[in-house]
Amino acid sequence: MRHQIISILIIALAMTAGKAAAQSPALAKADADLAAFVAGYGGSGGSASQFASLLSSYRAYMYAVRQDKNNPTALNGLRKVYPYLIDGAIFFSQNNQPDKALEYALAYIGLPRIEAFRNERFARSDYYPTICYFAATTAYNNKQFADAIDCFRCYIQTGEQKNLENSYTYMARAYKFAGDLNGQLAALKVYPTTANFLYEAINACIEHKANDRLETYVNRALSLNPGDMKVLPVKAKLMADKGDYATALPLYERLYKAKPNDFNVCRMYATVAYNHAAQLINGANSIDNTTLYRQQRQKADTYLKVAAGLFERIVTVYPGEVKYLSALADTYKCMGRDADADRIAAQIRAQGGTYVASNVKSLGTPSGSQDRQTAMSSPSASPSAAGGAYRQGGGVMQQSAGAGGTMSLADVPAFSVYAKKYVEAAINKWQLKDDYETLDEYKARVTDATREAKIKELAAVAESNYIAEYGARVGWNNLRLERYDAENGVFLIKSPEMGDMLLPVPRTNNEARQFEAQWNTVKTDDAQFCISDDKLTLARLTFRTNTGKKYIYNNNASLTYQNTQIDYNFESVDMAALTAASAQKAPAGGGAKIVNSSVSVGKSDIDTGIPVSKKSNDNLFAVIISNENYRRESKVQFANNDGEAFRNYCIKTLGCPEKNVHHTADATFNDMKAEVNWMTTVANAYGGKARIIFYYAGHGIPDEATKSAYLLPVDGFGSDVSTGYSLDKLYATLGELPAEQVTVFLDACFSGSQRDGKNMASAARGVAIKAKNSTPKGNMVVMSAATGNETAYPYTEKGHGLFTYFLLKKLKDTKGDVSYGELIDYVHSEVSKKSIVENNKSQTPTSTAAPAVESGWRKWSFR
């Protein structure tokens, strides 16, 4: 036996040695590649091939560790690779390759957590939270939900608060796609009273049919907002399913009053009223006291009248539906309206159906307990031709049943477009001062906080209206049944309006064959819609055969419930903060973020009541660059507000067609090059007839050696002018355009200062550098925010740059009918005065014209 054990050990050692031998060439190459990377990299930014070599070494080391977790060569290699992985993430993010950046980010996050390093502590970059959030959001966008969940957890564990709520929100959604209910509900432990998380929990419970938990979250949501019209239908349905019709009835009454044209609500209200009457009658049969018995039956009669009125309305819409006709006939019989019940029964038989009256007598006055009617059909009975109680399926965001209208889902506009138009119009009206409202009252009513609350309220209304309006207009009359898929037990049903649907129909008892045979008589109802990916989506549709069978199409890819905002998509993650990790410099801003795009509303007088020109200025073109969120430099306060507002004035006030306006927010160097190239293409195409506007808000920097000025892209370095866009080059390009006139607006300064007056980048030594003046060429006029070594300041109260605010103020006051001379004189005067008052510093706007137009430019206008 001992010899056998020794033999086994020898074989095992030989196998291990074989593995090591097989691994050593790969590890030797990995070591050599890593050494070459370190020698050639030196923190200089690297190249794609260098970082590819780094990742190859990382993979080789990881493979070796998976074979032998204690492999010293591989472990030592991973320790050396680790600090460079974050640089790889930065490099590929900067080069617009987020998927590659994600590989490096995941490696950087995951490497210290492998089992072999369980007892080691790796030095984390100060930007570890940012890279965790970047990896989580990018993985989520790529539908790598397991990676997204892991990285969101890592971010949460850092303790950083900035993106905590967003992390829980999207981690919950990632759990949803991964099918993990418990994970979805984890966020509520941290945010137990946040409506969004409660909505997510409600949705998760509905999808997982966890009714025990569902009621808890529904009640919690309603405790926050008792009138929540999204949650009330869920509560009502829960109570109806439990047979608690006494609680469900007032809820459906409330819903019906709010949505009288919603036939799903109408059917549920009728059903619950009928079933509650049944409960009262059944309960009355156990009451010996005649007076109490009569009182309870009178209550039942009240609810039967409600049910009768509702069923009467339903059968006018669905005259061929036996179950509704049967329910109406039974209701009439319960009320003692035998003639009406017989009329409905005859109608059922005329349609080829069968009606069997429920065993219920008239609710007349009893002469004694022995005359009390037999109990009605069980309140929980399923729908049948015999009538009795039935329950209508439901959920959130229900729409009326039937064949709908004639519109295709593809023709329905995006929800964000619909909601933006609705909310902006409503907000503009809401924030107008009423003639009978004092100024103090107005200031108390219209604040940032109340505006945001109003936006949320209006967005919810827009969501409800959108589903109601377009859900009723979408049709599905042209359904075509395709061949049955026996392997999966589904029929493919094609609809030119709705798209393809997979309908589960079991093969047992020949159900699938019978469904196909009855296809021409199959009816559809109970259509439910939701908003998914910014579009109206069919979530559910019920198919009913003439024998009473019911089959439900359920789009599992759609959201049963979605607390819809204008847009749930992620924006690109700003990797600016990570850059500083390799540059050993703390960033002033940036960082990854998930953004729920919101409705844009004005915050100052120039953002509202923008004059609209009746004349189209077809030959006017505008390029607008607004750089606010810099990756390595400080944020330029309100720059994107400036760009958006200037765009609105170009389109509305100056009459520039929307397609003639290019606005790029947070433009990179390549973005700026592309927009300048577009202006060149346009000017050449229009053969000297085009008029060009170039607007820029953002950082400007000077070259310390030559004193030349540069516009700084968001991916540029304030200390490196080679990463900026030369103002001389811009003027040369624009000056050569075959254009009627070229106008440049610069809300920037070139002293190396920020909008708040603090030094930036090249002025870090405390010396403000005065850039030399660049000379416009051709038919060009330049209007700049500041002169010499001055700073271009913000107008914080108005949410804009000081220069841009007064520029647009003049355009608003004159409705765009202003000469260039009048415009610059006004801006010069107002900015100079306001800057002294607001900032105790001078800011002097300037104008410079090319020699060719020096004598006449002041008479120019935009029209």
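Reader: What distance does helix 20 reach from its first C-alpha to its last?
Author: The model is predicted: local features need pLDDT of at least 70 and side-chain atom pairs count only at pLDDT 80 or more, while totals for chains, interfaces and linings use all residues. Residues are numbered from 1 along each chain as its sequence is written, and side-chain values use heavy atoms, leaving out hydrogens and water. Helices (H or I, at least four residues) and strands (E, at least two) are DSSP runs, numbered from the N terminus. Helix 20 has 26 residues and an expected span of 38 Å at 1.5 Å a residue, taken as 1.5 Å times one less than the number of residues; the value reached is close to this, at 37 Å.

Reader: Which elements do the buried residues of helix 20 pack against?
Author: Buried means under 20% relative accessible area, with exposed over 50% and partly exposed in between (1.4 Å probe, protein chains only). Among the buried residues of helix 20 are R451, I455, L458, E463 and Y466. Taking contact as heavy atoms within 4.5 Å, their partners are helix 18 (415–430), strand 4 and strand 5.

Reader: At what angle does helix 20 run to strand 4?
Author: Axes are lines fitted to C-alpha atoms, for helices over the stretch in contact, and angles run from 0 to 180 degrees between N-to-C directions. Helix 20 (residues 448–473) lies across strand 4 and strand 5, and its angle to strand 4 is about 145°.

Reader: Which strands stand at the edges of the sheet?
Author: The open sheet consists of 3 antiparallel strands in the order 4-5-6, where pairing requires that DSSP finds at least two bridges between two strands. Each edge strand has a single partner, so one side of it lacks a neighbour in the sheet; the edge strands are strand 4 (523–532) and strand 6 (550–554).

Reader: Which residue stands opposite L541?
Author: Strand 5 (residues 535–544) pairs with strand 6 in the antiparallel sense over 5 bridges. In strand 6, the residue opposite L541 is Y553.

Reader: Are helix 3 and helix 4 roughly parallel or roughly antiparallel?
Author: Helix 3 (residues 72–94) packs on helix 4 (residues 98–110) at about 160°, with their axes 7 Å apart. Angles under 35 degrees count as roughly parallel, over 145 as roughly antiparallel, 65 to 115 as roughly perpendicular and the rest as oblique. Helix 3 is therefore, relative to helix 4, roughly antiparallel.

Reader: How far apart are the axes of helix 12 and helix 13?
Author: Residues that meet include L232 and M239 in helix 12, and L251 and L255 in helix 13. The two helices, residues 232–241 and 245–258, pack at about 150°, and their axes are apart by 8 Å.
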